[in-house]
Amino acid sequence: MAHEVAEKQTFEVGGRLKWFNYVKGYGFVTTPDGSDVFLHLSCLRKAGLSFIEEGSEIWCEVSDGPRGLQAVSVLQVRPATANEAAVAQSAARQPAGEPGRPAPEPVSGDLDSIVATVKWFNRIRGYGFLSVGENTPDIFLHIEVLRRAGLTSVQPGQQVQALVEEGDKGLMARQVDLISTGEPDSGSQSV
């Protein structure tokens, strides 16, 4: 007995990256009509991408499945400007599993400007941490934030001026400017 396999119909959709959790490996793109499209990390990797800033414009090939719209491939990405990223970050988020229900407004959409010191940074892993002193929470620093500043890496001890905000998992740098080169140990290597 032969079984016919129905191929899923796909179509192109454009929108903005609403949010993406790189630990869990997925996020959502919001289309202009307000629909959410599930985006898995594997789609980003197939397109040669490891990170997309929230608020970026993204065009995907999408299929409509039993759980809703899902991206099957990423066709094009236009990175968010600093203003678009801030708007996306301060926009109300919908709790997972409750589409259509608006989340409460964030407490503050403002970014705090601070001077911080690079605690460590691993270029291969694509992230590191900043510190403002002992007994203070670390500040997450992603490599894309460095790239937007024209940097490829930073060294422990270097000082940066950073725009910082509270994320889901703690403080994170949204923008950095190098203040000093610091004086890393002569035995340390850039990773």
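The structure is a predicted model, in which local features need pLDDT of at least 70 and side-chain atom pairs count only at pLDDT 80 or more, while totals for chains, interfaces and linings use all residues. Residues are numbered from 1 along each chain as its sequence is written, and side-chain values use heavy atoms, with hydrogens and water left out.

**Strands and their pairing**

- Strands are DSSP runs of E with at least two residues, numbered from the N terminus, and two strands pair if DSSP finds at least two bridges between them.
- Strand β1 (residues 10-21) pairs with strand β4 (residues 57-65) in the antiparallel sense over seven bridges; within this pairing, Val13 has Cys60 in β4 as its bridge partner.
- Strand β4 also pairs in the antiparallel sense with strand β5 (residues 68-78), over nine bridges, and Val62 stands opposite Ala71 in β5.
- A hairpin through two residues joins β4 to β5.
- Strand β6 (residues 112-122) runs antiparallel to β9 and is joined to β9 by six bridges; the bridge partner of Val115 in β9 is Gln161.
- Strand β9 pairs in the antiparallel sense with strand β10 (residues 170-178) over eight bridges, with Leu163 opposite Gln175 in β10.
- Two residues lie between β9 and β10 in the hairpin that these strands form.
- In a regular strand the side chains alternate between the two faces of the sheet.

**Salt bridges**

- The structure holds seven salt bridges.
- One of them joins Asp36 to Lys18, with the closest N and O atoms 3.2 Å apart. This pair links distant parts of the chain, since Asp36 lies in strand β3 and Lys18 in strand β1, 18 residues apart.
- Asp36 is partly exposed at 23% relative accessibility, whereas Lys18 is buried at 15%; buried means under 20% relative accessible area, exposed over 50%, and partly exposed in between (1.4 Å probe, protein chains only).
- Arg78 forms a salt bridge with Glu57, and the closest N and O atoms are 2.4 Å apart. Here too distant parts of the chain are linked, with Arg78 in strand β5 and Glu57 in strand β4, 21 residues apart.
- Arg78 is partly exposed, with a relative accessible area of 30%, and Glu57 is partly exposed, with 22%.
- Glu165 counts as buried at 9% relative accessibility, and Arg174 counts as buried at 12%.

- Val160 lies in strand β9 (residues 159-167) and is buried, with a relative accessible area of 1%.
- Val160 and Thr117 are 43 residues apart in sequence, but their C-alpha atoms are 6.3 Å apart in space.
- Apart from neighbours within four places in sequence, the contacts of Val160 (heavy atoms within 4.5 Å) include Ile114, Val115, Leu130 and Val176.
- Thr31 is placed in the loop between β2 (26-30) and β3 (36-40) and counts as buried at 9% relative accessibility.
- The side chains of Thr31 and Asp33 are joined by a polar contact of 2.3 Å. A polar contact is a pair of N or O atoms within 3.5 Å; within protein, one must be able to donate a hydrogen and the other to accept it, and residues adjacent in sequence count only if both atoms are side-chain atoms.
- Leaving out residues up to four places away in sequence, Thr31 touches Val13, Gly14, Gly15 and Val37.

**Cysteines**

- The structure holds zero disulfides, a disulfide being a pair of cysteine sulfur atoms within 2.5 Å.
- The cysteine sulfur closest to that of Cys43 belongs to Cys60 and is 7.1 Å away, which is too far for a bond.
- Cys43 is buried, with a relative accessible area of 4%, and Cys60 is buried, with 1%.

**Aromatic rings**

- The count comes to 10 aromatic pairs. Rings of Phe, Tyr and Trp (its six-membered ring) pair if their centres lie within 6.5 Å; planes under 30 degrees apart count as stacked, over 60 as edge-to-face and the rest as tilted.
- The ring centres of Tyr26 and Phe28 are 6.4 Å apart and their planes are at 85 degrees, so this pair is edge-to-face.
- Tyr26 counts as partly exposed at 22% relative accessibility.
- One aromatic cluster is formed by Trp19, Tyr26, Phe28 and Phe38.

Methods. Helix = DSSP H or I, 4+ residues; strand = E, 2+ residues; numbered from the N terminus. Salt bridge = Lys/Arg side-chain N within 4 Å of Asp/Glu carboxyl O.
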